[in-house]
Amino acid sequence: MSENTAPRPSAVIVLAAGQGTRMKSTTPKVMHSIGGRSLVGHALHAAASLEPEHLVAVVRHERDRVAAHLTEVMPRIAIADQDEVPGTGRAVEQGLEAVPADVTGTVVVTYGDVPLLTAQTLQDLVRTHEADGNAVTVLTADLQDATGYGRIVRDADGLVERIMEHKDALAHAAETGDRRYVEITEVNSGIYAFDAALLRRALPALSTDNVQGEKYLTDVLAMARAEGGRVASVGTDDVWEVEGANDRRQLSELGRQLNERVLRHWMKQGVSVVDPSSTWVDVTVELSSDVTLKPGTQLHGATRVDTGAVIGPDSTLTDTQVGADAVVKRTDATGAVIGEGASVGPFTYLRPGTVLGEQGKIGAFYETKNVTIGRGSKLSHLGYAGDAEIGEHTNIGCGNITANYDGVNKHRTVIGSHVRTGSNTVFTAPVTVADGAYTGAGAVVREDVPAGALALNQVSQRTIAGWVQAKRPGSAAAEAAGAAQQD
């Protein structure tokens, strides 16, 4: 095994049972999202990076809903239920029951609401734990304000002697006047690597005799030391890795921190981000070098942008593929494919199923849905194309629409290659316009148009002289017409 490769733990247990009342939400806390994944989704991806033999999540609040989400994110996960006994010690005890009794080695415990915890940090934790032969290894961080966190109490050798919970530290200070535990700034993240055999011995013996009346997982550390086991730590300099989201403010701040990291990663890979403060990119997005993201750009889901493309300003792309050297500005697109060298926008709405070919164009104030547009074809402005197929190098005039719905069913329009359509043409589907055909301005195409034909159905213009002055006397238009006639 190479020095940089972390050994595989026997199990990872992710605690996801909390209600999260401070979120003030009908959505369970761990299912709130930042950066394109739920909080617990981020936690599971980090845990899965360890390639554990067993991956377990402990649930309670909104059990069925959370369990369904967990299995959607990570199908191979095992679900364990926490009972009425409170505390992380009891949660881990029940999580361990989902792991085969003969499993030995390392068990990692982490949380479902720490989305910025990285795979690298977890790998460092496991590597150190096993290399040093520790009974317990705890991930710690140094905080300016340690309120709410358990304090790391060290012995004379610098090893972890115990963890004192915040309320217990306050109670000790109130009873004795000794504030040394309250003033400790090194805190417990709640993330551990344990020896599996130690956990199986210690967890059933945990007591609820403490200020909070809970089974503290931290008490396992004292039991390990009492057996002569080594209890040590791995520290992280990045305190955001151990921050959880307990309310909407913290959720927003974690989202901002995550986005900064995502953008920093892509800028290192050669992506230009003009204004990082107004640019949001999900962790699931893929970008190539020499992509440019202009202000107000949001990229979500399975969006992929190839080399040289320019996105923005003010564009939101979800599950959309953008080809090399394409330009997309002031556009909202979902489930679309934009070809190499194509142009989209401004003020364009691409709905699912839109496929724009190479060098194609969908211009200003256009909406598309379930439409395939061939190479070099242009839908320049002010129109709608839905349930349609358009060939190559066709020019669709201003104000064209495909009338695809008859009130009961949707129908398709097929327009060939090298077609030219006049302004305000309406295609009443189902209808086919063959290669090289033309339509006149204002045409309503109800029947198929053969190749090379011109479709017209307008009546001759009729002009009634003096109508305005006769029918709208005294109006501004009548006065203007009279003045013009005198000239």
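His-381 is partly exposed, with a relative accessible area of 34%, and the model that shows this is a predicted one. In an unreviewed entry, UniProt lists His-381 under "active site". The residue sits in strand 28, which spans residues 378–390.

- The relative accessible area of Arg-420 is 32%, so Arg-420 counts as partly exposed.

**Salt bridges**
- Searching the whole structure turns up 22 salt bridges.
- As background, side chains of opposite charge can pair when their charged atoms come close.
- Asp-124 pairs with Arg-127 in a salt bridge whose closest N and O atoms are 2.9 Å apart.
- Both Asp-124 and Arg-127 are in helix 4 (residues 119–131), three residues apart, or about one turn of the helix.
- An α-helix has 3.6 residues a turn, so residues three or four places apart point the same way.
- Asp-124 is partly exposed, at 28% relative accessible area.
- Another salt bridge joins Arg-154 and Glu-186, with 2.7 Å between the closest N and O atoms.
- Because Arg-154 is in strand 8 (residues 151–154) and Glu-186 in strand 10 (residues 186–195), this pair ties together parts that are 32 residues apart in sequence.
- Arg-154 is partly exposed at 31% relative accessible area, whereas Glu-186 counts as buried at 19%.
- Asp-314 and Arg-330 also meet through their side chains in a salt bridge, at 3.4 Å from N to O.
- That pair links distant parts of the chain, 16 residues apart: Asp-314 is in the loop between strand 18 (310–311) and strand 19 (316–318), and Arg-330 is in the loop between strand 21 (327–328) and strand 22 (331–334).
- Asp-314 is partly exposed at 44%, and Arg-330 is partly exposed at 34% relative accessible area.

**Buried parts**
- Helix 1 (residues 39–48) is mostly covered, with eight of its ten residues buried.
- Among the buried residues of helix 1 are Leu-39, Val-40, His-42 and Leu-44.
- Ala-232 is in strand 11 (residues 231–235) and is buried, with a relative accessible area of 8%.
- Ala-232 and Ala-135 are 97 residues apart in sequence, while their C-alpha atoms are 8.3 Å apart in space.

Conventions. Residues numbered from 1 in each chain as written. Predicted model: local features only at pLDDT ≥ 70, side-chain atom pairs only at ≥ 80, totals over all residues. Heavy atoms only, no water. Buried < 20%, exposed > 50% of the residue type's maximum accessible area, 1.4 Å probe, protein only. UniProt positions renumbered as here; feature names shortened; annotations may be inferred. Helix = DSSP H or I, 4+ residues; strand = E, 2+ residues; numbered from the N terminus. Salt bridge = Lys/Arg side-chain N within 4 Å of Asp/Glu carboxyl O.
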